[in-house]
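Here is a briefing on one structure.

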Amino acid sequence: MNLCKKQNLEGELKDKILAVAGVTQVVTYILSGEVDVGFINQTELNAHKDQFGSFVLIDKALYASANIVTTAFPSALTRAWRG
């Protein structure tokens, strides 16, 4: 939505945007042909690059950055970091 707002496309695309649960669902919709365009992260692009017809990298100034975190029970997290 940030990209649409910054590009003044919010009104034009309002009825065409489908909100989904996550990136995996976006990839599924794109690959099945259920949607024409989807926003995904670079990791998913790399994983499916040969399956997509094309892609466009979006200028980072046009969207809000994502914070990536991890969470677990303290004992599980401690074991994970110790290896």
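Phe 39, Val 56, Ile 58 and Tyr 63 make up a nonpolar patch on the surface. The model is predicted: local features need pLDDT of at least 70, side-chain atom pairs count only at pLDDT 80 or more, and totals for chains, interfaces and linings use all residues. Residues are numbered from 1 along each chain as its sequence is written, and side-chain values use heavy atoms, with hydrogens and water left out.

**Surface patch**
- Patches take residues with over 30% relative accessible area and no salt bridge; like charges are joined within 9 Å, and nonpolar side chains (Val, Leu, Ile, Met, Phe, Trp, Tyr) within 5 Å.
- A salt bridge is a side-chain nitrogen of Lys or Arg within 4 Å of a carboxyl oxygen of Asp or Glu.
- Accessible areas come from the Shrake-Rupley method with a 1.4 Å probe; for residues, only the protein chains shown count as cover.
- Ile 58 is partly exposed, at 32% relative accessible area; buried means under 20%, exposed over 50%, and partly exposed in between (1.4 Å probe, protein chains only).

**Largest pocket**
- The largest pocket holds about 1,900 Å³ of space.
- Its lining has 40 residues, and Val 37, Gly 38, Phe 39, Ile 40 and Ile 58 are the closest to its centre.
- A pocket is an open set of points on a 1 Å grid over the protein atoms alone, where a 1.4 Å probe fits, with protein on both sides within 12 Å along at least five of seven lines; lining residues have an atom within 4 Å of a point.
- Grid points are joined across faces, edges and corners, and the volume is the space filled by probe spheres set on the points.
- By class, the lining has 28 nonpolar, 8 polar and 4 charged residues.
- Nonpolar covers Ala, Val, Leu, Ile, Met, Phe, Trp, Tyr, Cys and Pro; charged covers Asp, Glu, Lys and Arg; the others, Gly among them, are polar.
- α1 (2–6), α3 (23–32) and α4 (42–48) each give at least two residues to the lining.
- α3 gives the largest share, 4 residues.

**Fold**
- The protein has 5 helices and 0 strands, in the order α-α-α-α-α from the N terminus.
- Helices (H or I, at least four residues) and strands (E, at least two) are DSSP runs, numbered from the N terminus.
- Of the 83 residues, 8% are buried.

**Around α3**
- Val 23 is in helix α3 and is partly exposed, at 29% relative accessibility.
- The C-alpha atoms of Val 23 and Gly 38 are 9.0 Å apart, across 15 residues of chain.
- Leu 31 is also in helix α3 and is partly exposed, at 36%.
- Leu 31 and Gln 51 are 20 residues apart in sequence, with 7.2 Å from C-alpha to C-alpha.

**Loop residues**
- Val 37 lies in the loop between α3 and α4 and is exposed, at 65% relative accessible area.
- From Val 37 to Val 26, 11 residues apart along the chain, the C-alpha separation is 8.9 Å.
- Asn 8 is in the loop between α1 and α2 (10–13) and is exposed, at 69%.
- Phi of Asn 8 is near 55°, a positive value in a residue other than glycine.
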